[in-house]
Amino acid sequence: MARLASVLTMGGMMSVAVVVMVKTMPAAAQGVAPPGATSCSGCHGPGVSDAAVPPLHGRPSEEIVAAMQEYRNGRRPATVMDRVAKGFTDEETRAIASWLSQQP
Amino acid sequence: MSLAFTRRALLKTAAAGAAAAALSRRTAAQASGRVVVVGGGFGGATCARELKRKGLAVTLVEANAVYTACPFSNAVLAGLRPIETQQFNLDAVEKEGIAIIRQRAVRADPQARRVVLEDGSSQDYDRLVLSPGIDIRFDALPGYDEAAAGTMPHAWKAGEQTILLRRQLEAMDDGGTFVMVAPANPFRCPPGPYERASLIAHYFKTHKPRSKLLILDAKDSFSKQRLFQAAWQELYPGMIEWVSLSSGGKVIEVDAKTRTLVTDFGRHTGDVVNVIPPQRAGQIAQAGGAADRTGWCPIDPVTFESRLQPNVHVIGDASIAGGMPKSAFSANAQGKVCAAAVASLLRGEAPAEPKLINTCYSLVAPDYGISVAGVYNPRNGVLTDVEGAGGTSPVSAPPSFRAQEAVYAEAWFQTIAREVYG
């Protein structure tokens, strides 16, 4: 339970950060989505600060890369993201994270 | 459907027709970029919005004014949520500038690049995206025709059928038997029958505890099987009996009048009978020549373009998407990838090789969720599971883990509904 609580708290904190980011982000920054990137919003919908699953749009790229690496090597508790993260290489993850960070 | 509703739909059709005519004139000047999407479900509505955001002129053809979503409709059957929470309309899609035609598409002519609608009018396109979902095959299981579905509902297209099956479950006496007929692969929502059995077992346990469930299956294994069966033993001991294909589970004939199910080994009757029959790609895919002998649509895994018809793309349940299951999550992910590919093709560029994710949650009880996930990319012309990724929730996990996945299941539904219809 402690494990889950930590995940949830982290999700909550990041959501607050995202709300701030969204307001300062230029609206036009989009670009072509790298492979895999558009699937994320199926669960990680943008713009809802109290969502159980944290939004990723506008979140710092390096945070997403670090989280995915930790999901892959099992250092970060997960229900499903460990299984998803293993489907992407470091290079693919960096491209996805960079694109997500630029989304409004 | 009420009269007022129909009138409103007609008025909107007239408005959409005018909008579509305006779009035609504009795209004629641009000489390209006209896309017609058929089907306003999770795949089609997603794809239409993505195409529009890429600057293309998009027309969405969808006959139903209200879309009733299948994911979570098993919770409606179990009395855990009202059907209204499953219902969405295309108002937000229309506001985005997409012309909506509230009619059925009856035919496609890929040579002329034209879709014919039920009133005889037609829509020209540069690219056509079909997202018609499934049709029930009323010719596949002897005795199971449309009339039989009024007695033994399939409830595999959410809406009236869901309400009918719910009413039957409510009316059933404690101590009754619910029988489900589960189909062979492939079919919409592979874990769906077993989630349904789980949630109906939950309803029985809490309201009609002497009742039983029997699943007659045309398969020897099913999605998330170990997780479901372990959970049934834990939560609903002795309530659910699953009869596999090799144990005589395949139903070869039904009699709706007596609610009798015939197998090679005997006959079964139930107080409530749910027949989930064989399925195929929706009618327009058949009429447009995009479906093969299996009834489903072979596609190029990079662009979702039909292997059978040029300039026609097929996404969602209707497509043969290799390792990707027929799920709303898959349809949504495919809708976005297909939109990107269509935009590239219309610009004369080579579409990028995609990667797609699917995550399917199932509820075994309101606070007990399980999932299967996968990551897919094209390999040898087929969407293939990326090795080392994906799989199901762990077979052994603490209750907090199951509770968390139940929370994520609900969160997923809210998120995807907002992305597609919000």
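1. Basis of the values. Because the model is predicted, local features need pLDDT of at least 70 and side-chain atom pairs count only at pLDDT 80 or more, while totals for chains, interfaces and linings use all residues. Residues are numbered from 1 along each chain as its sequence is written, chains are lettered from A and ligands numbered from 1 in the order in which they are written, and side-chain values use heavy atoms, with hydrogens and water left out.

2. The two chains. Chain B has 10 helices and 25 strands, whereas chain A has 4 helices and 0 strands. Here helices (H or I, at least four residues) and strands (E, at least two) are DSSP runs, numbered from the N terminus. Along its sequence chain A reads α-α-α-α. Of the 422 residues in chain B, 59% are buried; for the 104 residues of chain A the share is 45%. Buried means under 20% relative accessible area, exposed over 50%, and partly exposed in between (1.4 Å probe, protein chains only).

3. Contacts within each chain. A contact means heavy atoms within 4.5 Å. Among contacts in chain B with a separation of 6 or more, residues 24 or more positions apart account for 65%. The corresponding value in chain A is 68%.

4. The interface. What area is buried between chain B and chain A? The value is about 2400 Å², and carbon and sulfur atoms give 62% of it. Buried area is the accessible area (1.4 Å probe) that two parts lose on being put together, summed over both. Lys355(B), Ile357(B) and Tyr408(B) supply 24% of the area that chain B buries against chain A, more than any other three residues. The contact takes 35 residues from chain B and 26 residues from chain A.

5. Polar pairs across the interface. There are 11 residue pairs in polar contact between chain B and chain A, both residues being at pLDDT 80 or more. A polar contact is a pair of N or O atoms within 3.5 Å; within protein, one must be able to donate a hydrogen and the other to accept it, and residues adjacent in sequence count only if both atoms are side-chain atoms. On the side of chain B that touches chain A, at least two residues each come from H9, strand S22 (356–365), strand S23 (368–379), strand S25 (391–392) and helix H10 (399–421). H10(B) gives the largest share of that side, 12 residues.

6. Salt bridges between the chains. The count between chain B and chain A is 2 salt bridges. A salt bridge is a side-chain nitrogen of Lys or Arg within 4 Å of a carboxyl oxygen of Asp or Glu. Glu405(B) pairs in this way with Arg83(A), the closest N and O atoms being 3.6 Å apart. Glu92(A) forms a salt bridge with Lys355(B), with the closest N and O atoms 2.7 Å apart. Glu92(A) lies in helix H4 (residues 90–101) of chain A and Lys355(B) in the loop between H9 and S22 of chain B, so the pair joins two chains. Glu92(A) is partly exposed, at 23% relative accessible area, but Lys355(B) is buried, at 6%.

7. Helix H9 of chain B. H9(B) (residues 328–346) has 19 residues and reaches 26 Å from its first C-alpha to its last, close to the 27 Å expected at 1.5 Å a residue. The expected span is 1.5 Å times one less than the number of residues. Because 16 of its 19 residues are buried, H9(B) is largely enclosed by the rest of the structure. Lys336(B) lies in this helix and, at 3% relative accessibility, counts as buried. Leaving out residues up to four places away in sequence, Lys336(B) touches residues of both chains, including Thr38(A), Ser39(A), Thr46(B) and Glu419(B).

8. Ser362 of chain B. Is Ser362(B) buried or exposed? At 2% relative accessibility, Ser362(B) counts as buried. This residue is found in strand S22 of chain B. The side chain of Ser362(B) makes a polar contact of 2.7 Å with the side chain of Lys224(B).

9. Salt bridges within chain B. Over all chains, the whole structure has 21 salt bridges. One of them joins Asp217(B) and Lys219(B), the closest N and O atoms being 2.9 Å apart. Asp217(B) is buried at 0% relative accessibility, and Lys219(B) is buried at 6%. Elsewhere, salt bridges that share partners join Arg49(B), Glu50(B), Arg53(B) and Glu96(B) into one network.
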